[in-house]
Amino acid sequence: MTITVRQSPAARIVDLEGEIDLGTSPKLRRTLFDQLKETPKLALNLQALRYIDSSGIATLIEVLKDAKNLGKEFVLFGMTPAVRDVFRLTHVNRIFLIFETEEDAIARA
Amino acid sequence: MSASEATTAHLSLEVTFVMGSQPRYLPIVRATVGQLAEIVGWGEGDARAITLAIDEALANVIRHAYHGRPDGRVELECRAAGDELQFQIRDQGEPPDPSRICARAVGCDQIGGLGTHIIRDVMDTVSYQATPEGNRFTAAKRLRRPA
């Protein structure tokens with residue numbers, strides 16, 4: 001899994017590429033928690049993510065809870081069918097703010 | 001019976017993995033399980049779901065039976081027989097606690113327990129057994145062809 005962090009005027013954006021599973025989710029967790037400390041608005045780009053398992057979903061839930069506790073925003077965008085299926089199977093779609101495009105996510109974020 | 005059904009009715013293929021309890025091996029298993037599911041006849045989305053379910057079962061062994069220890073032994077048997085995919089996972093780690101399997105409520109923001117829900121949602125049959133030889137997880141899914 002490759003993680004790239006960039007800054008837009010409105011939000012910190014984390015781009016993911018590859019697969020999130022039990023082996024890679026700790027790296028994602030560290031990155032997202034670190035980035036959340038430094039920005040009021042964090043957006044996660046899932047467009048190049050080929051796979052996510054429940055440990056990845058659990059990581060995103062943890063980050064979302066932390067963001068809420070800190071009064072910050074954490075949004076997702078660019079969900080592929082493969083990733084969307086896992087969100088559906090885990091019944092977490094409604095927990096997150098999910099957008100089609102980066103523009104939409106940033107505008108809302 | 002169509003030509004493709006005649007072919008798959010006699011299909012029998014077994015793949016066995018014997019591996020250490022390390023997440024680094026999971027991508028290899030996922031690639032194989034996904035291809036097996038597509039060979040039996042599932043579409044891309046269903047094949048992905050079956051792959052996820054087996055990945056979750058293996059992750060549970062690594063996390064809960066071996067508590068993240070990398071030196072545990074994990075055996076996975078995958079069997080494609082006709083229109084059915086059957087899986088068996090064996091380990092010698094800590095037995096599963098039945099009270100914690102699927103203990104999480106669905107649709108909430110609780111962090112743990114998502115994997116077992118995925119497994120039960122995706123597979124037709126699922127069972128966990130603690131035996132003197134170790135733990136055994138079995139699961140199967142049958143392809144439903146349109147009438």
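Predicted model: local features only at pLDDT ≥ 70, side-chain atom pairs only at ≥ 80, totals over all residues.
1. Let's begin with the overall make-up of chain A. Its secondary structure comes to 4 helices and 5 strands. Along the principal axes, the C-alpha atoms of chain A fill a box of roughly 30 × 25 × 25 Å.

2. Now for the inside of the chain. Of the 109 residues in chain A, 43% are buried. Among contacts in chain A with a separation of 6 or more, 76% are between residues 24 or more positions apart.

3. How do H1(A) and H2(A) lie relative to each other? Helix H1 of chain A covers residues 25–38 and helix H2 of chain A covers residues 54–70; their axes come within 9 Å and cross at roughly 15°. That angle is why H1(A) and H2(A) are described as roughly parallel to each other. H1(A) passes H2(A) in a right-handed crossing.

4. Next, have a look at the residues between these two helices. On the H1(A) side they include Leu28(A), Leu32(A), Phe33(A) and Leu36(A), while those on the H2(A) side include Gly56(A), Thr59(A), Val63(A) and Ala67(A). Sorted by class, the contact of H1(A) with H2(A) has 6 nonpolar, 4 polar and 3 charged residues.

5. Which residues meet across the two chains? In total, 19 residues of chain A are in contact with 22 residues of chain B. On the side of chain A that touches chain B, H2 and helix H3 (81–89) of chain A are the elements that give two or more residues. H2(A) gives the largest share of that side, 7 residues. By class, the side of chain A that touches chain B has 8 nonpolar, 5 polar and 6 charged residues.

6. Finally, follow H2(A) across to chain B. The axes of H2(A) and helix H4 (residues 114–122) of chain B come within 9 Å and cross at roughly 135°. H2(A) and H4(B) are therefore oblique to each other, and their crossing is right-handed. Ser54(A), Ile57(A) and Ala58(A) of H2(A) make this contact with Leu114(B), Gly115(B) and Ile118(B) of H4(B). By class, the contact of H2(A) with H4(B) has 4 nonpolar, 2 polar and no charged residues.

Note on methods: Residues numbered from 1 in each chain as written. Chains lettered and ligands numbered in written order. Buried ≥ 20, exposed ≤ 12 C-beta atoms within 10 Å, placed from the backbone. Contact = placed C-beta atoms within 7 Å. Axes fitted to C-alpha atoms, helices over the stretch in contact; angles between N-to-C directions. Parallel < 35°, antiparallel > 145°, perpendicular 65-115°, else oblique. Left-handed = near helix turned anticlockwise from the far one by under 90°. Nonpolar A, V, L, I, M, F, W, Y, C, P; charged D, E, K, R; others polar.
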